[in-house]
Amino acid sequence: MKAYGLGAWSVEKNLARALQELQEYTGRRLSAVIPLEPGGSNTPNPLAAATSLGLATVDADLAGRAIPEIAQTLPVLAGIPLGPVASVDLWGNVAILRETHSVPMAERIGKHLAVAAFGHTGLAGFLTQVKKLRSAVVPGTLTRCLAVGRAIRAAREQGRCPVDAIVEATGARRLFTGVVTRKEWQDQEGYMIGRSFLVAADNSGRHMEIWFKNENHVAWLDGKPVALSPDLIMVVGTDTGEPRTNTELAEGERVTVLGLPCHPAFRTPEGLRLLGPRHFGFDIDYVPIEELARQVEGDAHDALG
């Protein structure tokens, strides 16, 4: 970084600056911001950026889950153009992506901008009228996220199991409870790709393996798929209920793995093409988490006789 003259950040609110750059480039006045996804920095950052600019934040997001690629969003499924896109990094480098060959190509260019900026850029795109987005968002996700956070906090304060509170608030399925034995990963063109390995906390010998590309996309229980993207595979601290991202997850942690169904749009053929297991290179047909759960329960029943 020193070789490029990069010291302390010069633009702390770089996403807000990206919104301003998009507005200036297009000549269109912004009135509201919609977070790309629930989770990570892509929910709080849009909230903070909108607030700093006096804009509204829509109680919705564009995917209904955390995603590694911008093409894996409902606006793309609805045919809403991504570009133009404004990109601003923490040192004030500004780029306008006027148009690209495809959304995956835009993702690639955006990812390389982030890599060049040592890991972080603020991107603003999908500029369109709100009425055109009504069928291309997952409504109410910010409210639901807030409700889950409040449920976890209340459970801690009352001495109850926070994981129970998450299940009650979301309807999530418990897929596994255990200890992280190891994590293997590498940086591939700006994505964190790897596997986490867990063993059961009850000394039963059961084990789980999770493959991730930034987020979790395939989970195997005792070697058999138990949850597949685009359904959600979430890892939380067993004792705290705290979400554990793959960046933070460490060996020796006690965790619980939860699963939730995805937005129905991603269970369509086009949605699965963007976010199903075959998109990530696995020769596995997508099966909804509800059906996989019944299969696992049936296997357990057979094993018990």
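The predicted model has an average pLDDT of 93 over the protein chain, and 97% of the residues score at least 70. Residues 300-305 form a stretch in which pLDDT stays under 50, and the model gives this stretch zero contacts beyond four places in sequence. Where pLDDT is low, the predicted coordinates should not be read in detail.

An open sheet of seven strands is present, with antiparallel pairing and the strand order S12-S11-S10-S9-S8-S14-S13. The edge positions are taken by strand S12 (224-228) and strand S13 (232-237); each has a single partner strand, so one side of each is left without a neighbour in the sheet. From one strand to the next, the twist averages 35 degrees. Within this sheet, strand S8 (residues 173-188) is joined to strand S14 (residues 254-260) by six bridges in the antiparallel sense, and Phe-176 stands opposite Val-257 in S14. Helix H7 (residues 162-170) packs on the sheet and touches S8, S13 and S14. The direction of H7 makes about 5 degrees with that of S14.

In the hairpin formed by S10 and S11, one residue lies between the strands, and Asn-214 in the turn has a positive phi of about 65 degrees. Six bridges join these two strands, S10 and S11, in an antiparallel arrangement, with Lys-213 standing opposite Glu-215 in S11. The hairpin of S11 and S12 has two residues between its strands, and Asp-222 in that turn has a positive phi of about 50 degrees. S11 and S12 pair over four bridges, again in the antiparallel sense, and Val-218 is found opposite Leu-228 in S12. Strand S11 is mostly covered, with seven of its seven residues buried.

The largest nonpolar core comprises 40 residues, of which Trp-211, Val-218 and Phe-282 touch the most other members. Two or more residues of this core come from each of helix H6 (141-158), H7, strand S9 (191-200), strand S11 (215-221), S13 and S14. A second, separate core has 17 residues, including Val-180, Val-226, Leu-249 and Val-255. Leaving aside residues up to four places away in sequence, Trp-211 touches Ile-193, Gly-194, Arg-195, Asn-216, His-217, Val-218, Trp-220, Phe-280 and Phe-282.

The aromatic pairs in the model number four. One of them is formed by Trp-211 and Phe-280; this pair is tilted, at 5.6 Å centre to centre and with 55 degrees between the planes. Trp-211 lies in strand S10 (residues 207-213), whereas Phe-280 lies in the loop between helix H8 (269-275) and helix H9 (289-304), so the pair ties together parts that are 69 residues apart in sequence. Both partners, Trp-211 and Phe-280, are buried. Trp-211 also forms an edge-to-face pair with Phe-282, with 5.0 Å centre to centre and 80 degrees between the planes. Phe-282 likewise lies in the loop between H8 and H9, and Trp-211 in S10, so this pair ties together parts that are 71 residues apart in sequence. Trp-211 and Phe-282 are both buried. Together with Trp-220, the residues Trp-211, Phe-280 and Phe-282 form one aromatic cluster.

An open sheet of three strands is also present, with antiparallel pairing and the order S5-S4-S6. Strand S5 (94-97) and strand S6 (121-124) stand at its edges; each has a single partner strand, so one side of each lacks a neighbour in the sheet. On average, neighbouring strands of this sheet are turned by 15 degrees against each other, direction ignored. Strand S4 (residues 85-89) runs antiparallel to S6 and is joined to S6 by four bridges. The bridge partner of Ser-87 in S6 is Leu-123. Helix H4 (residues 103-116) packs on this sheet, touching S4, S5 and S6. The direction of H4 makes about 175 degrees with that of S5.

How values were computed: Residues numbered from 1 in each chain as written. Predicted model: local features only at pLDDT ≥ 70, side-chain atom pairs only at ≥ 80, totals over all residues. Heavy atoms only, no water. pLDDT = per-residue confidence, 0-100. Contact = heavy atoms within 4.5 Å. Pairing = 2+ DSSP bridges. Axes fitted to C-alpha atoms, helices over the stretch in contact; angles between N-to-C directions. Core = buried A, V, L, I, M, F, W, Y, C linked by side-chain atoms within 4.5 Å. Buried < 20%, exposed > 50% of the residue type's maximum accessible area, 1.4 Å probe, protein only. Phe/Tyr/Trp six-rings, centres within 6.5 Å; stacked < 30°, edge-to-face > 60°.
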